[in-house]
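I opened this notebook to record what I looked up in the structure, entry by entry. The overall build comes before the details.

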Amino acid sequence: MTKGGDNETPDIKGFATVKAAQTSMLQTQTIDIEVDILRGLHSFTVVGLAGKAVDESRDRVSAAIKNAGFETPKKKNQKVVIALAPADIKKSGPVFDLAIAICYLLADRQIKADLADTLLLGELSLDGKLRPINGVLPLTQHAKEEGFTSVVVPRANAEEAALIDGIDVLAAETLKEVIDHVDSEKAAKIQPEPPTEIEHEAPKHAVDFADVRGNQTAKRGLEIAAAGGHNILLFGPPGTGKTMLARAFSSILPPLETEAALEVTGIHSAAGETDKTLITHPPYRAPHHTASYVAVAGGGTVPKPGEVTLAHRGVLFLDEFPEFSRRVIEALRQPLEDKLVRITRSRAKAEFPANFILLAAMNPCPCGNFGSEGKECTCSPQAREKYKRKISGPILDRIDMWIEVAEVEHEKLAEAADGEPSEAVRQRVQAARDQQSSRFSNAGASTNSDMTAADIDEYIDLDKKTKKLLTQSAQKLDLSARGHHKAVKLARTIADLDDSNNITQEHLLEALQYRPKSWSA
């Protein structure tokens, strides 16, 4: 106010706020975009713990606004402050471009709009086009949970975002389209996208079970592992088909349920690891044995998911298992036991899901010929011992099944493929999984391998003879408490494949034969 009570023209030219969101460490967060415009020498700043990509949005937004036919902030002698709140959360990526542009136009009074119930997502190119972003699926789900009625996304992300029901997905190709939609003085409105239909297409697999000659024991073991979600290790000389069996393994896994498919797609979308609208088949991850600890377990200054999380609800195949670094192998302890990974850094903490089937393959020794017929092992006893010690006892105890993959006779290899196809095996696996879903409908477990000790007490009732056999076998094999429980879980899966309500002695004996007896096996 001036002296005498006359009104003074305020210094503030305009203020506006809109809503955006980001994914960080697989968590979604609503971010308030605030723009304040004051008279003064020209400046254009971004505050609120903005990363490099966010800070560079000033130039992208200015060019996009100009090419959309509006006055760019760089032509005006004014101070523009863009604040991203909460200020103590790290902001990264180009997902805020669209929200910043719309918020500036509102603050500069070039458009009028009410966006209290709308979430704005998208990266802008210099010519004003909207580029696709990562993490649209979890961000749209977050918008729905936070009570927003609509979300604006780039056209390329529309199909993925429309997987979420109960919220209007507004897809646009340019900034101009979005402006025409939100401006209350314009009549051009974007129509919501129709819901994306979820289709479970049959995946194409490079290897079918029918293509694998011989190794019936290994194929039986893989069927059991798929049915109950059990961890499995294939060991044997080089060239016996371990890798081929591992590739065929994914072909007998049943498709993901809708809820699981959305969860897996959300993880891969946030990590920028998918080119599919919806992942309907369990993921199959096979990192090279030179992969780093961070690549496999996850981590970094700002923790990011690793291979164990990208394999969530699928398969993590580790070929040449002992060749992975000791640190990488030991990092599997927590996810194999707790089905998640906790990463703690000085600046951040993260908890990533990691419920996967571990499928490992290894040779019996460094040269691979130990115990092989017709081939002499060239490794010294010390080299073999060092090779064995790469896999620690706690890791071995977390593996449910040990399967020897023996050499196949040449006559068998020359025969035409006449084995059971993957489709037939997958149907049995699906039937066993259906039994488990019914059994655990009121429990936290989804497969037999997920059962806790309390679940075993509640859902598994062994008769006296079977219980006595289990006790005697556990003592003879010197099983740990974990190994004891794993044998019971494995027997339950074998019973499910046999469509049996009760675990018999035959089921238990088959389960026990997959437990490791010695390294020389």
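**Entry 1, the whole chain.** I began with burial and found that, of the 521 residues in the chain, 50% are buried; I note at the outset that I am working with a predicted model. I then looked up the secondary structure, which comprises 21 helices and 16 strands.

I looked up the largest nonpolar core and found 67 residues in it, with Ile 33, Ile 82, Ile 102, Leu 121 and Leu 175 having the most contacts inside it. Helix 3, residues 97–107, supplies the largest share of this core, namely 10 residues. Apart from this core lies another one, of 50 residues, which includes Leu 245, Val 425, Ile 456 and Ala 491. I then followed Ile 102 and, leaving out residues up to four places away in sequence, listed its contacts as Ile 111, Leu 115, Leu 120, Leu 175, Val 178, Ile 179 and Val 182.

I asked how many residues of strand 15 are buried. For this strand, which spans residues 357–362, the count is six of six. Sorting its side chains by direction, I found Ile 357, Leu 359 and Ala 361 pointing one way and Leu 358, Ala 360 and Met 362 the other way, with all of them buried. The background to this sorting is that side chains in a regular strand alternate between the two faces of the sheet. Next I looked up the pairing: strand 10, residues 232–235, runs parallel to strand 15 and is joined to it by four bridges, with Leu 233 having Ala 360 as its bridge partner. Strand 12, residues 315–318, also runs parallel to strand 15 and has four bridges to it, and here Val 315 is partnered with Ile 357.

Strand 1 (12–24), helix 10 (293–297) and helix 11 (307–310) each contribute at least two lining residues, and strand 1 gives the most, with three.

The bond between Ala 85 and Pro 86 is cis, with omega about 5°, and Pro 86 sits in the loop between strand 4 (78–85) and helix 3. Leu 26 is not a glycine, yet its phi is positive at about 65°; Leu 26 belongs to the loop between strand 1 and strand 2 (27–39). Asp 478, likewise not a glycine, has a positive phi of about 55°, and Asp 478 is placed in the loop between helix 19 (464–477) and helix 20 (481–497).

Which class does each fall in, buried, partly exposed or exposed? Leu 26 has a relative accessible area of 23% and is therefore partly exposed, whereas Asp 478, at 67%, counts as exposed because the cut-off for that class is over 50%.

Technical notes
Residues numbered from 1 in each chain as written. Predicted model: local features only at pLDDT ≥ 70, side-chain atom pairs only at ≥ 80, totals over all residues. Heavy atoms only, no water. Core = buried A, V, L, I, M, F, W, Y, C linked by side-chain atoms within 4.5 Å. Buried < 20%, exposed > 50% of the residue type's maximum accessible area, 1.4 Å probe, protein only. Contact = heavy atoms within 4.5 Å. Pairing = 2+ DSSP bridges.
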